[in-house]
Amino acid sequence: MAKIARSTCTECHRILPRTQMRQVEKSYHSGNSWGFNKKGQFTSVRAYTRKRKHWVCDDCYNSGGGLSWGGVLFVIVAMILGVALLGHL
Ligand SMILES: [Zn+2]
């Protein structure tokens with residue numbers, strides 16, 4: 001049997017076989033380029049973005065990528081606490 005390559009999920013940091021993962025391209029900010037004219041006056045700033053490939057597990061991919069389970073849990077707890085506090089007022 002062929003050995004399946006494994007990668008670390010960039011969202012939850014679990015190490016999983018790539019058959020359970022997806023490769024996604026993410027752009028990230030790599031720096032700014034400042035523009036000046038001949039008089040040395042500032043004219044413009046240009047932001048550069050680069051693309052990098054990441055391995056993300058199916059769970060994180062399906063959850064939208066940006067929001068982790070910790071983040072979801074925090075929102076739920078905050079909502080419950082909010083409702084509980086409002087109920088006591
Ligand atoms: Zn993951």
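Modeller: Helices and strands are here DSSP runs, numbered from the N terminus; a strand has at least two residues. The model is a predicted one.

Colleague: In which loop is H13 found?

Modeller: Strand β1 covers residues 6-8, and strand β2 covers residues 15-17. H13 is found in the loop between β1 and β2.

Colleague: What distance separates the C-alpha atoms of I80 and R50?

Modeller: I80 is found in helix α2, and I80 is exposed because 10 other C-beta atoms lie within 10 Å. I80 and R50 are 30 residues apart along the chain, and their C-alpha atoms are separated by 40 Å.

Colleague: Which pattern does the protein chain follow along the sequence, and what is its radius of gyration?

Modeller: The protein chain has two helices and four strands, and their pattern along the sequence is β-β-β-β-α-α. For 89 residues the globule rule gives 12 Å; the chain's value is well over this, so the chain is more spread out than a compact globule. Its radius of gyration is 22 Å.

Colleague: In which element is confidence lowest?

Modeller: The mean pLDDT of the protein chain is 86. Confidence is highest in strand β2, at 96, whereas the lowest, at a mean of 84, belongs to helix α2.

Key
Residues numbered from 1 in each chain as written. Predicted model: local features only at pLDDT ≥ 70, side-chain atom pairs only at ≥ 80, totals over all residues. pLDDT = per-residue confidence, 0-100. Buried ≥ 20, exposed ≤ 12 C-beta atoms within 10 Å, placed from the backbone. Rg over C-alpha atoms; globule rule 2.2 N^0.38 Å.
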